[in-house]
Amino acid sequence: MSSSQIPAALSYGSGGRHSGNPGIDTSAASVTSGLSPIAILTPTSATTLYASPDSAGHPFFGGRAKSEPDDDASNHSGSGSSSSSSITTAAAATATTIPLFGEPVKKKQKRNKPTLSCQECVERKTKASIKRQTECKYAHVANLLEETSRSATNGRRMTKPPKKKVTMSGMKPTIPNIADRGILFGRTASRGSVAPSTGLLSNVSLSHRTASNVFGIGAEHPFANYWTCEGGLPEVIGVMPEKLQADILLNQYYEYVDPVYPIIDRQTFYLEYDRFWTLRDSEKTDAAFVGLLFIMMALGTQFVSTTSPRDRKQTSEFYASAGNQALRMSSYLNTASLRSVQAMVLIGYFLINDNHASDGWAFSGLLLRQAYAMGLHRDPNIVIPNGSLFEKQQRRKLWQAVLVQDTFLTVLLSLPPNATHTDVKVDDFIQDAASTELDATDTAYIRGSWMLANLVQETISSPRSLDVPICSTQRQKSKLVADFRAVYRSFPDVFRSWDQESIGRLACSNKRVVRQTLFLSSNYYHNLMLVHASESPDVPVNVRAALEAAHEAITSFFVLFTLFDAEARVWWVFHHRAFLEALCIGSVLREAGRDPLTADQFLRDPLFARAKADITRMVQILKIMADGEQGTEDARTRVAVLSEFL
């Protein structure tokens, strides 16, 4: 409605006075101009002045315009006479009693909506020559409403996806994330969200298609049964290797596993470990510690390079089975302890590396229940207020390990997160005053992974588990990208300022930091890729940003394979994540090539050429992993999948 269509008695000028009522003194303009933003209404600012998340359902034109004087209006008029106040009152009464387009007079009602625009914002919208110099005092209110009224896409307690719209052709819309469209549809039956059916399986050929094998990975029980009913814990201790062999395997663990997942304090562990070897067999009764020791040796065995792959696999699985049996002897399902939960975290990573992602996912459910039962999700200052600083830090570190494993496993499997209820704060995990430089780097790495997991869990894991867009509005997407960048800026320079040449030199002196840098970078850019690759009816895919993030993420794997090729073969999480990044790149290239608007750019743009080179490099690495004695069927199938994009 234009201003000419508004009745004269209700028309407002920029000063806020009535222009068509000669009976009102113009001195009232000074009073009216001091009204709050709520009281000012113009045809050009009405839709923005009263902006709120649900304002779309409350139009201001087509109904009766409302005006509400500020309670402090008299303060803005200085020492004005009482006649000015009476005139203003009369003007307001006139505005509220004259019907609009013949409507009956209605009782004036207060607007039950928060004010989201200050006076300066209003003037900026009505006077183009005024430029904003300060931050709006209502900005934090708008941001708060944006968070609290956010669509179900990002809600932690989201239990069902929104109703899927049907297109004009009668087909349901495509998957809301281009990163999940890499596998041709129809190859696997979806048992959960759509994303697992396309990304989780890695297109592994299934030798045994059974409903019990949830993800089609690992065709047998992960723990072989070597144990008798009467053997108990002594039977497990009886298969313990000699101390020299155990020392070697523990060194392997702290060399390869501990940098990536720094869960177990080395000094306190070795104090207990040395004491363990001084005890007689009859005195070795701490079943949880025995279980932890066997699991650490199992993980260390996975990274031994002096034996054949077959022997390495059999030995590591035997140690893992012994560790699981020791936990059973400790009644770990109803008697949880820090040692038993630590062992369960490591069992999860062992199962994943051993190509038993299905079992690892199921076992992580037990882990979460035990962590909750122990109160690890609660602030240690509440649970153990009289505990030492070291005890509280160990609980925080263990909860971080549980949270990180759950969060990033749900990202890879597109399943709902479980470690969602906690009041443990990242900021409380601080560096000890007596810690070394190595401890300081580990603390920064743990805090960085923790902050990233907190952000990813709510904004990515939850919506992807229900196949809904990560971002439903452009503003929400921009804010989420800004949140990711803020987390990245919080990382120390050693984790951010690197290239392939510098990190190659660092690998000669500090392999621990190199591993942490590559894992953290891969995790960060993989999730940033998912944000940029997400789309909704109002938010298109950011093609260039998605390809840039995917390139940075997959480059981390390329560097890991170049520096530590044998190690890269073992980390299923790392090379599976790189495979998914290659799938995302392939999906973007395929759709860009089909789009007439981007077809020419697809052939000339260096960004697309580099993206295709990334897929080619990934295929080359997978061929190396597929060939020879160490070759796997998974790698061969992944080669076939990615080759389709080339």
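Reply: Start with a term. Buried means under 20% relative accessible area, exposed means over 50%, and partly exposed is in between (1.4 Å probe, protein chains only). The model is predicted, so local features need pLDDT of at least 70 and side-chain atom pairs count only at pLDDT 80 or more, while totals for chains, interfaces and linings use all residues. Residues are numbered from 1 along each chain as its sequence is written, and side-chain values use heavy atoms, leaving out hydrogens and water.

Me: Is S340 buried or exposed?
Reply: S340 is found in helix α13, residues 338-353. Contact means heavy atoms within 4.5 Å. Neighbours within four places in sequence aside, S340 is in contact with A288, L327, Y332 and T335. Its relative accessible area is 1%, so S340 is buried.

Me: How many of the residues of α13 are buried?
Reply: Helix α13 reaches 23 Å from its first C-alpha to its last, close to the expected 22 Å. The expected span is 1.5 Å times one less than the number of residues. The helix is mostly covered, and the buried count is 15 of its 16 residues.

Me: Which residues is L455 in contact with, leaving aside its neighbours within four places in sequence?
Reply: L455 sits in helix α17, residues 437-465. Its relative accessible area is 15%, so L455 is buried. Leaving aside those neighbours, L455 is in contact with L480, D483, F484 and V487.

Me: Why is the pair of F276 and W277 edge-to-face?
Reply: Rings of Phe, Tyr and Trp (its six-membered ring) pair if their centres lie within 6.5 Å; planes under 30 degrees apart count as stacked, over 60 as edge-to-face and the rest as tilted. A search of the whole structure finds 32 aromatic pairs. The rings of F276 and W277 have their centres 5.7 Å apart, and the pair is edge-to-face because their planes are at 80 degrees.

Me: What is the angle between the ring planes of F557 and F561?
Reply: F557 and F561 both lie in helix α22 (residues 543-563), four residues apart, about one turn of the helix. Both belong to one aromatic cluster, which also includes Y256 and W571. The ring centres of F557 and F561 are 6.3 Å apart, and the pair is tilted because the planes are at 40 degrees.

Me: How many disulfides does the count come to?
Reply: A disulfide is a covalent bond between the sulfur atoms of two cysteines. Here the rule asks for a pair of cysteine sulfur atoms within 2.5 Å. C471 is buried, at 1% relative accessible area, whereas C508 is exposed, at 69%. By this rule, the number of disulfides is zero.

Notes:
Helix = DSSP H or I, 4+ residues; strand = E, 2+ residues; numbered from the N terminus.
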